[in-house]
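Work through these exercises with the structure open. Try each task before you read its solution.

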Amino acid sequence: MTADPKEQDPSYWGLSIRQLQALHDDIKNDMASYCQEHSLLSDFTHMCHAGKDCRHRHEKIKYTPQSRESPEEANKATPIAGNMHIVVQKYIKPQTEPHRCSYAAMKNRGQLKKAKNFISHSWGERFGDFVASIGKKLDEDEVAWICSCALAQNEDITAQLGDRLEDSPFAKALAKADTVWLMVDAKDGALYLSNAGLDKLRARLTESLGGAV
């Protein structure tokens, strides 16, 4: 069977806003509960308050029962935010592992979506705030390139990025995007680059890459 050439074109690794919102709706309650019942240690290990009675699957997350930590270390633990780090480790990686592909490829297998919107954001932002902010700017049927959903999170990310910036999925998807959205925070929402601003960004990227983009 002939492979779909779109599978090799990063600009087709998009996810619709409707699909992004559906992901949030599917996981939001479980993620809120998980964050309430776990804390973050200094080495980024998740400390489980319930120990062996924990009702959550820790999936790809490094964790330890609170009973194994000293009172001093346990007291230093900080709250866990339901951000993209949690989404990827606890939900995207387990769901996509059997398919050995990205979340977008899994959801759109056979009907890959061209991303006209390139989204840049912080993984530290709460996932619910991120989804709400972009949902105010884009219609549900619009398609966006979001790295956590576009790249295969169970595979070697460094290998996917390649040795040259101009060959990376980021550069290729950006080159074919109509609009770049720079996510700020829940208060300020999203900023966008107009076509003129995008052209300037591409020109600067092209110059820095020696005319490759």
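**Exercise 1.** Does Asp25 count as buried, partly exposed or exposed?

*Solution.* Keep in mind that this is a predicted model. Take the relative accessibility of Asp25, which is 44%. Next, recall the cut-offs: buried is under 20%, exposed is over 50%, and partly exposed lies in between. Asp25 therefore counts as partly exposed.

**Exercise 2.** Which residue forms a salt bridge with Arg55, and where do the two partners lie?

*Solution.* The partner is Glu37. The closest N and O atoms are 2.7 Å apart. This pair links distant parts of the chain. Arg55 sits in the loop between β3 and β4, while Glu37 sits in the loop between α1 and β2. They are 18 residues apart. With 61% relative accessibility, Arg55 counts as exposed.

**Exercise 3.** Describe the salt bridge between Asp9 and Lys176, then state how accessible each partner is.

*Solution.* Begin with the contact: the closest N and O atoms are 3.0 Å apart. Then look along the chain. Asp9 is in the segment before β1 (15-16), and Lys176 is in helix α8, residues 169-176. The two are 167 residues apart, so the pair links distant parts of the chain. Asp9 counts as buried, at 17% relative accessibility. Lys176 is partly exposed, at 41%.

**Exercise 4.** How many salt bridges does a search of the whole structure find?

*Solution.* The search finds 13. Some residues are linked in a network: Arg18, Glu140 and Asp141.

**Exercise 5.** What is the order of the strands in the open sheet of four strands, and which are the edge strands?

*Solution.* Read across the sheet: β4-β3-β2-β5, with mixed pairing. The edge strands are β4 (63-65) and β5 (78-79), because each pairs on one side only. Now turn to β2 (residues 38-40) and β3 (residues 46-48). They run antiparallel and are joined by three bridges. Across from Ser39 stands Met47 in β3.

Methods
Residues are numbered from 1 along each chain as its sequence is written. This is a predicted model: local features need pLDDT of at least 70, side-chain atom pairs count only at pLDDT 80 or more; totals for chains, interfaces and linings use all residues. Side-chain values use heavy atoms; hydrogens and water are left out. Two strands pair if DSSP finds at least two bridges between them. A salt bridge is a side-chain nitrogen of Lys or Arg within 4 Å of a carboxyl oxygen of Asp or Glu. Buried means under 20% relative accessible area, exposed over 50%, partly exposed in between (1.4 Å probe, protein chains only).
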